[in-house]
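Visitor: Please put the model up, and then I will ask about it piece by piece.

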Amino acid sequence: MTKEITGKTKLLGVIGHPVEHSLSPVMHNAAIAQLGLDYIYLPFPIEPQNLEVAIAGFAAVGVVGFNVTIPHKQAIIPLLSEITPLAQTIKAVNTVSRQNNQWVGTNTDIEGFIAPLQTTYKQDWSQKVAVILGNGGAARAVVAGCTQLGFAQIHVVGRNMQRLQEFRNSWSNSSLADKFQVHQWEELPKLIPQANLLVNTTPIGMYPKVDESPLSVEEIANLPTGAIAYDLIYIPQPTQFLQQAQKQGAIAIDGLEMLVQQGVAALKIWLQPETLPVEVMRQALQNHLGLEQ
Ligand code: NAP
């Protein structure tokens, strides 16, 4: 069914460059239809040099809120009046809302990441160890999420010592200092047997390179039974990494739920709906990606 655009239709969207691949329009327009609201959510391809003028234009035409994707997640920060402590912690904004004629930025990836760990797999994390593969943008949200859940130790594993040190130093003013360590890939055999939660934040294994895995079969064989393996990748489902981990008796979580829940968290900020159409958003993504339900 095509949405009827009226004189009152309000605007939401996502900015990025490129933005054609974004799944957010599918998910948010399904939610808007379910809620019966007169809104539309559009993709806006914005080149980096046009970011400032685009944001000023959004204010002028009354955009209610928007998501932010690569390459604008950091660049947008100086253009906002306020950013939440969560977005400050990870130095990246993925959701912006218009409040009292000002742009306010936050980051809902943290809420998205921790959602399955707070609901389906809820437990006391205070004696648990998290091992995170990769030290890019998504790893920042994962570190913040693991801190929020109260993990006893957080180990981040990367392939480039300089980038790892920069990653480590960027958290030096936080309360993490004593439970957060960075390691090179070679240290994995020592870390994997301790992991209660093992998270892949690298793109290794993502479609179309579906036969790849960040870990060898021998490495993953040392994952304790009952550990949780969490892959931020959502296609294919499951990834090689998750298949290997499941063979070891691990619990597997794929990246689709994080994607859904970061969107749900954004929708809550913009529209404050009485009920959140979580299932509709999940199904819209699954249909679009051709995934089994
Ligand atoms: P990013 O900033 O580019 O970071 C990627 C990280 O992976 C970097 O630390 C990079 O290492 C590492 N890496 C890449 N190739 C590697 C290899 N061959 N061996 C070892 N390390 C490698 O990307 P991102 O934004 O964090 O996204 C990472 C993944 O998470 C993507 O697959 C993305 O789709 C997924 N993601 C999913 C969600 C969701 O909602 N489910 C949300 C965000 C991201 P270097 O620093 O050494 O280059």
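Guide: A polar contact here is a pair of N or O atoms within 3.5 Å; within protein, one must be able to donate a hydrogen and the other to accept it, and residues adjacent in sequence count only if both atoms are side-chain atoms. The model is predicted, so local features need pLDDT of at least 70 and side-chain atom pairs count only at pLDDT 80 or more, while totals for chains, interfaces and linings use all residues. Residues are numbered from 1 along each chain as its sequence is written, and side-chain values use heavy atoms, with hydrogens and water left out.

Visitor: Which residues come nearest to the ligand?
Guide: A residue is near a molecule or strand if one of its heavy atoms lies within 4 Å of it. Helix H5 (137-149) and helix H10 (256-271) each supply at least two residues of the shell; helices (H or I, at least four residues) and strands (E, at least two) are DSSP runs, numbered from the N terminus. Of the 19 residues around the ligand, those that come nearest are Asn135, Gly137, Ala138, Arg163 and Gly255.

Visitor: Is serine 97 buried or exposed?
Guide: Serine 97 is found in strand S5 (residues 95-99). Buried means under 20% relative accessible area, exposed over 50%, and partly exposed in between (1.4 Å probe, protein chains only). The relative accessible area of serine 97 is 4%, so this residue is buried.

Visitor: With which side chain does the side chain of serine 97 make a polar contact?
Guide: Contact in general means heavy atoms within 4.5 Å. Leaving aside neighbours within four places in sequence, serine 97 is in contact with residues including Val64, Trp103 and Trp270. The polar contact, at 2.8 Å, is with the side chain of glutamine 99.

Visitor: Which side chain does a polar contact join to that of asparagine 94?
Guide: Asparagine 94 has its place in the loop between helix H3 (85-90) and S5. Its relative accessibility is 4%, and therefore it counts as buried. Beyond four places in sequence, the residues in contact with asparagine 94 include Phe66, Lys73 and Gln262. The polar contact of 3.0 Å is with the side chain of threonine 95.

Visitor: Why does asparagine 100 count as exposed?
Guide: Asparagine 100 is found in the loop between S5 and strand S6 (102-106). Its phi is near 50°, a positive value in a residue other than glycine. Asparagine 100 counts as exposed because its relative accessibility is 76%.

Visitor: What is the omega of the peptide bond from isoleucine 70 to proline 71?
Guide: Proline 71 lies in the loop between strand S3 (65-68) and strand S4 (82-83). The peptide bond from isoleucine 70 to proline 71 is cis, with omega near 10°.
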